[in-house]
Amino acid sequence: MKTLLVTGGAGFIGANFVRYWLERYPGDRVINLDALTYAGNLENLKGVEANDNYRFVRGDICDASLLRTLFDEEVVDTVVNFAAESHVDRSITDPGAFVRTNIEGTFTLLEAAANAWRGDAPDCRFLHVSTDEVYGSLGPDDPPFTERTPYAPNSPYSASKAASDHLVRAWFHTYGLPVLTTNCSNNYGPYQFPEKLIPLVIMNALEDRPLPIYGDGKNVRDWLYVEDHCRGIDAVLAGGRAGETYNIGGCNEWTNIDIVARICRTLDELRPGGGPKEDLITYIKDRPGHDRRYAIDAGKLMRELDWAPLYQFEQGIVKTVQWYLEHPAWVEHARSGDYRNYYRQQYGHN
Ligand code: NAD
Ligand code: DAU
């Protein structure tokens with residue numbers, strides 16, 4: 001039986017991971033430490049709270065004294081660090097929050113985990129969840145990012161994630177803490193906060209509101225269904241070598257405009273009525289420093305740990321659209337409060 005400390009488990013990927021883990025390994029204990037920022041939502045964990053093997057702690061990964069108490073109370077053998085500020089657009093307007101949580105928070109968590117590992121928790125391992133954005137931007141004919149691609153982050157978000165990856169690496173080389181790092185491509189699926197492209201487009205389209213496309217819409221992202229990301233992390237925890245990094249990605253490159261058109265057609269089929277949703281597409285001012293293309297080579301994870309995505313994109317996107325259609329209360333709550341202010345500031349209208 002394992003005891004996992006999952007940070008950021010009330011966010012999009014973290015909540016999917018907590019659900020995945022408790023279902024797959026019902027005997028394991030999962031402690032979810034989350035500060036409940038605007039992106040943290042306990043509704044993402046509805047049904048999980050009743051599980052005796054689950055504990056929620058509201059708290060900040062920058063809080064060293066809280067972490068000390070937590071590591072004293074629980075013998076943690078696995079830390080999975082999802083907690084982060086995760087939205088590129090917000091990192092452009094408020095970079096300080098990204099430096100704090102992503103860099104200082106990862107440092108504080110590493111220190112706490114290393115202390116526990118030197119003391120009562122000698123089996124403690126630290127898996128750091130990172131992103132493909134640390135590798136920078138690809139040209140149209142460049143090969144996908146491998147684990148050997150040099151880091152070249154371009155946004156405050158990716159720079160702060162790159163810094164955190166370097167700290168994790170240093171805690172392995174200098175102190176010997178058994179660490180693992182995963183660098184994943186764009187995720188999609190249930191419980192994603194509607195500031196991100198896919199849920200934003202689904203929700204706006206349902207209300208016949210403009211679908212904002214930055215620049216020429218030809219930027220490329222490599223999309224992975226969130227459950228396949230969770231399975232990738234599971235594979236790395238099961239068989240990954242300490243100190244190694246593993247890329248996780250879908251081999252599934254799409255331009256933004258194609259993905260938005262695809263979502264529109266899916267909605268036209270699932271919710272017929274009114275005009276074609278594609279008529280709502282609106283090109284707007286580009287994101288500053290907008291990376292042109294990301295693509296992941298996940299060959300190392302596939303070869304060494306026998307991982308492969310289970311979901312075809314065509315299947316995953318329909319499942320995702322259906323999930324948002326079937327959860328109107330979740331959608332309503334996610335879009336209330338702070339989100340409306342953010343949306344007005346970012347897009348200049350309600
Ligand atoms: P998210 O923004 O949906 O969730 C982040 C969670 O972290 C929230 O629950 C928030 O409350 C919590 N949090 C923020 N600051 C905290 C702090 N100081 N202390 C404790 N908790 C805090 O993010 P996500 O999309 O689920 O991403 C999770 C992780 O995966 C991030 O580290 C991100 O960099 C990485 N990642 C995301 C993607 C993607 O496509 N979304 C892809 C690759 C990697
Ligand atoms: O690549 C992994 C990363 O993917 C993660 O590390 C980040 O946490 C996650 O937010 C995501 O970053 P992106 O910037 O790629 O995701 P986002 O959904 O914000 O945007 C996807 C693409 O769509 C990007 O090229 C910008 C564009 N876009 C986005 C929004 C919100 C638009 O054209 N219009 C929009 O309104």
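What volume does the largest cavity have? In this predicted model, in which local features require pLDDT of at least 70, side-chain atom pairs count only at pLDDT 80 or more, and totals for chains, interfaces and linings use all residues, the largest cavity has a volume of about 70 Å³. Residues are numbered from 1 along each chain as its sequence is written, chains are lettered from A and ligands numbered from 1 in the order of writing, and side-chain values use heavy atoms, with hydrogens and water left out.

Cavities and pockets were located on a 1 Å grid over the protein atoms alone, a cavity being a set of points where a 1.4 Å probe fits but cannot get out, and a pocket an open set with protein on both sides within 12 Å along at least five of seven lines; lining residues have an atom within 4 Å of a point. The structure holds 1 cavity of 30 Å³ or more. Among the residues that line the largest cavity are Val88, Glu133, Arg221, Arg287, His290 and Asp291, and the lining divides into 4 nonpolar, 4 polar and 4 charged residues.

The second largest pocket has a volume of about 520 Å³ and is lined by 24 residues, of which Glu147, Arg148, Arg169, Glu244 and Thr245 lie nearest its centre. Two or more lining residues are given by each of α5, β6 (179-184) and α9 (299-305), and the most, 6 residues, come from α5. By class, this pocket lining comprises 7 nonpolar, 9 polar and 8 charged residues.

Ligand 1 is surrounded by 28 residues, the closest being Ile13, Asp34, Ser86, Tyr157 and Lys161; a residue is counted here if one of its heavy atoms lies within 4 Å of the ligand. Polar contacts (pairs of N or O atoms within 3.5 Å) include one between a polar backbone atom of phenylalanine 12 and an oxygen atom of ligand 1, at 3.1 Å. A polar side-chain atom of aspartate 60 lies 2.9 Å from a nitrogen atom of the ligand, and a polar side-chain atom of lysine 161 lies 2.7 Å from an oxygen atom of the ligand. Taken alone, ligand 1 exposes 840 Å², of which the protein buries 96%, the areas coming from the Shrake-Rupley method with a 1.4 Å probe. Two or more residues of the shell around ligand 1 are given by each of α1 (12-24), β5 (125-131), α5 (156-175) and β7 (186-188), with the largest share, 3 residues, coming from β5. The shell divides into 13 nonpolar, 12 polar and 3 charged residues.

Key. A polar contact is a pair of N or O atoms within 3.5 Å; within protein, one must be able to donate a hydrogen and the other to accept it, and residues adjacent in sequence count only if both atoms are side-chain atoms. Helices (H or I, at least four residues) and strands (E, at least two) are DSSP runs, numbered from the N terminus. Ala, Val, Leu, Ile, Met, Phe, Trp, Tyr, Cys and Pro count as nonpolar, Asp, Glu, Lys and Arg as charged, and the others, Gly among them, as polar. Grid points are joined across faces, edges and corners, and a volume is the space filled by probe spheres set on the points.
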